[in-house]
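Please look at the sequence and the model below before reading on.

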Amino acid sequence: MSKPIRIGLLRLVDSAPIIVAEANGLFRDQGIDVQISIEPSWSNITDKLTYGVLDAAVMLPPLALAACIGLRGPKARLVVPMSLSQGGNAIVVSAQVAAGLSDGGSQPGLRLLDWLRPLQTRPRFAVVHAFSTHNLLLRYWLASGGADPDRDIETVVIPPEEVVGALAAGSIAGFCAGAPWGDVAERDGAGKILIGTSSIWPFHPEKCLCVGEVWADANPDLLHHLLRAVLQAQVRCDLPEEAPKIAALLADPAGLRLPEEACRAALPGGSGAELIRFHTREAWFPAQAHALWFLGQMRRWGWLDDQTNIEALAAQVYRPDLLASAVDAEGLYPAAGLPSLEGTAMLPMPNDDAFSPNGWRQR
Amino acid sequence: VKVLLADDDAERAGAVARVLAADAGLVVVRLKPNESLADAVALLAPDVVLVDMARPDRDALDGIRQVAALNTRPVVLFVDEDDPAFMEEAINAGVSSYNAIGMPPPDVKPILRAAVALFRRHRQAQDDLKQAESRLSERSVIDRAKAILIKQRHMSEPDAYKWLRGSAMSRGRRVVDVASDLIKSMEGNAG
């Protein structure tokens with residue numbers, strides 16, 4: 001057997017497909033050997049992918065794109081051959097802020113705006129990374145309610161495991177983070193979930209599988225079998241009857257050590273306010289339309305200059321062609337029909353000009 | 001050049017600070033325990049930030065220019081585009097370096113190189129210690145297995161060791177694994 005495929009991930013519920021594939025022998029059945037590396041930060045994942053210390057990783061799509069543009073230092077050569085999950089994030093405010101918002105039956109976005117307007121100091125909101133889906137969805141949501149995320153709030157980056165503590169301690173007014181932390185905040189009485197990110201953009205892409213381009217080019221066969229195993233794991237992860245077993249697996253003290261009950265709540269069939277989906281509605285499809293949305297929002301906030309060709313970047317990084325043989329072999333979708341999924345990837349779409357990748361400019 | 005050092009391992013941080021302090025052109029400031037990395041960067045405006053890669057709060061430096069308070073001096077990851085092997089070496093040692101942008105870049109590489117050397121030495125010392133500890137615990141496992149053989153099969157101590165070594169060799173396994181299996185099977189029988 002060749003040397004193992006090194007896959008990096010963080011302690012999060014949406015790392016489940018990799019953990020489930022390993023625990024159920026799906027990698028072994030594909031004849032590949034995988035070595036999972038639990039990393040402390042997204043920066044570590046990105047650095048290690050960039051320098052080939054990891055071959056693949058569970059990744060934040062906007063961070064993969066930012067790394068390829070060179071926004072965080074080196075220009076990385078990374079590709080996204082598949083998406084891993086949809087949804088799962090929650091926008092949470094402290095119990096104190098929530099109490100001030102509870103009057104009136106209007107939309108949470110509008111009530112938040114009423115609260116933001118008279119404030120003397122900008123309230124602090126935490127996200128897990130600058131280039132995260134969480135940050136871009138929070139900013140999009142605030143802006144669609146009429147707030148300016150650069151002027152009306154202060155954004156800080158706090159590791160997901162620490163957001164609930166920061167909220168309870170009063171050092172932040174709110175956060176947008178992935179499961180299970182919104183439910184944990186509610187269970188602990190530290191905060192209240194205002195809105196799940198699937199209510200902002202239904203079926204929004206969340207994590208992706210990212211691989212080094214050099215590795216992908218050199219190992220097409222390994223990549224094919226890796227993708228097949230992960231596709232199979234995603235099917236399992238979407239079955240409500242598997243959820244108790246998966247939650248127990250994610251809670252393994254020798255593994256991710258996540259809170260079991262809160263994991264169960266975020267998995268399909270769970271009781272959480274916002275659920276993660278792994279397979280249905282072609283959650284695995286790495287749509288270039290998704291990459292374009294992330295890039296469009298990054299440009300909206302002035303993080304990209306006008307010279308950046310976002311269409312070319314989306315096509316360079318998001319590579320559904322790399323997934324075609326695996327979905328075909330799994331009988332999920334005929335390889336020839338795969339490009340037609342692009343047209344449906346953004347649906348249903350919020351009723352908002354600023355949503356489409358270039359739409360916000362035309363207002 | 002002001003260097004902010006974010007490393008909670010006091011011994012290692014001390015060693016890095018001492019080495020860097022030998023350069024009269026460098027001022028080294030250490031991040032206090034529980035102090036936020038982003039706040040320290042905003043407050044101290046360092047030219048270079050050295051960060052232990054095991055810290056989860058390292059993500060606060062990524063894209064700090066895009067999200068952080070207006071008065072924060074932005075930093076970017078230091079990269080030597082011409083020397084990927086050195087970058088890989090730094091990652092494997094577990095230390096990364098950021099530098100302030102918008103000003104003439106200080107000569108960061110020698111600073112990072114010194115940190116990499118000390119981080120690597122520290123890791124080596126830890127690995128050695130772990131290995132020494134595991135040898136000690138292996139020794140005690142083998143001793144317990146020998147004691148079982150001596151007591152239950154009335155072997156002499158040299159014979160007990162010979163038996164363990166012989167069955168390890170015939171099965172292509174390590175002596176400590178055979179010893180541990182023997183202990184487990186005896187405990188299993190007892191329970």
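An axis here is a line fitted to C-alpha atoms, for a helix over the stretch in contact, and the angle between two axes runs from 0 to 180 degrees between N-to-C directions. Helices (H or I, at least four residues) and strands (E, at least two) are DSSP runs, numbered from the N terminus. This is a predicted model, in which local features need pLDDT of at least 70 and side-chain atom pairs count only at pLDDT 80 or more, while totals for chains, interfaces and linings use all residues. Residues are numbered from 1 along each chain as its sequence is written, chains are lettered from A and ligands numbered from 1 in the order in which they are written, and side-chain values use heavy atoms, with hydrogens and water left out.

Begin with two helices of chain A. The axes of α4(A), residues 61-69, and α15(A), residues 288-300, come within 10 Å and cross at roughly 70°. The two helices are therefore roughly perpendicular to each other; angles of 65 to 115 degrees get that name, angles under 35 count as roughly parallel, over 145 as roughly antiparallel, and the rest as oblique. Their crossing is right-handed, a word used if the near helix is turned clockwise from the far one by less than a right angle, and left-handed is used if anticlockwise. On the side of α4(A) the contact (heavy atoms within 4.5 Å) is made by P61(A), P62(A), L65(A), A66(A) and I69(A), and on the side of α15(A) by A291(A), F294(A), L295(A) and M298(A). By class, this contact has 9 nonpolar, no polar and no charged residues. Ala, Val, Leu, Ile, Met, Phe, Trp, Tyr, Cys and Pro count as nonpolar, Asp, Glu, Lys and Arg as charged, and the others, Gly among them, as polar.

Next, consider what is covered in chain A. A residue is buried under 20% relative accessible area, exposed over 50%, and partly exposed in between (1.4 Å probe, protein chains only). Helix α6(A), residues 108-116, is mostly covered, with 7 of its 9 residues buried. These are P108(A), G109(A), R111(A), L112(A), L113(A), W115(A) and L116(A). What covers them includes the strands β5 (89-94), β6 (124-127) and β9 (191-196) and the helices α5 (95-101) and α7 (133-144) of chain A.

T197(A) lies in helix α10(A), residues 197-200. At 0% relative accessibility, T197(A) counts as buried. Apart from neighbours within four places in sequence, T197(A) is in contact with G88(A), N89(A), L137(A), C176(A), H204(A) and E274(A).

Some backbone angles also deserve attention. Most residues other than glycine have a negative phi, and most peptide bonds are trans. The bond from A179(A) to P180(A) is cis, with omega near 5°, and P180(A) is in the loop between β8 (174-178) and α9 (181-187) of chain A. Another cis peptide bond joins L347(A) and P348(A), with omega about -10°; P348(A) is in the segment after α17 (324-329) of chain A. R281(A), a residue other than glycine, has a positive phi near 55°. R281(A) is in the loop between α14 (260-266) and α15 of chain A, and at 45% relative accessibility it counts as partly exposed.

Now turn to chain B. Its secondary structure comes to 7 helices and 5 strands, which follow the pattern β-α-β-α-β-α-β-α-β-α-α-α along the sequence. How does the radius of gyration of chain B stand against that of a compact globule of 191 residues? Chain B has 26 Å, but such a globule would have a value near 16 Å. This radius is taken over C-alpha atoms, and the globule rule is 2.2 Å times the number of residues to the power 0.38. The C-alpha trace of chain B spans about 80 × 35 × 30 Å along its principal axes. Of the 191 residues, 44% count as buried.

Chain B has a helix crossing too. The axes of α5(B), residues 108-152, and α6(B), residues 157-171, come within 9 Å and cross at roughly 115°. These helices are therefore roughly perpendicular to each other, and the crossing is right-handed. I142(B), A145(B), K146(B), L149(B) and I150(B) in α5(B) meet E157(B), A160(B), Y161(B), W163(B) and L164(B) in α6(B). By class, this contact has 8 nonpolar, no polar and 2 charged residues.
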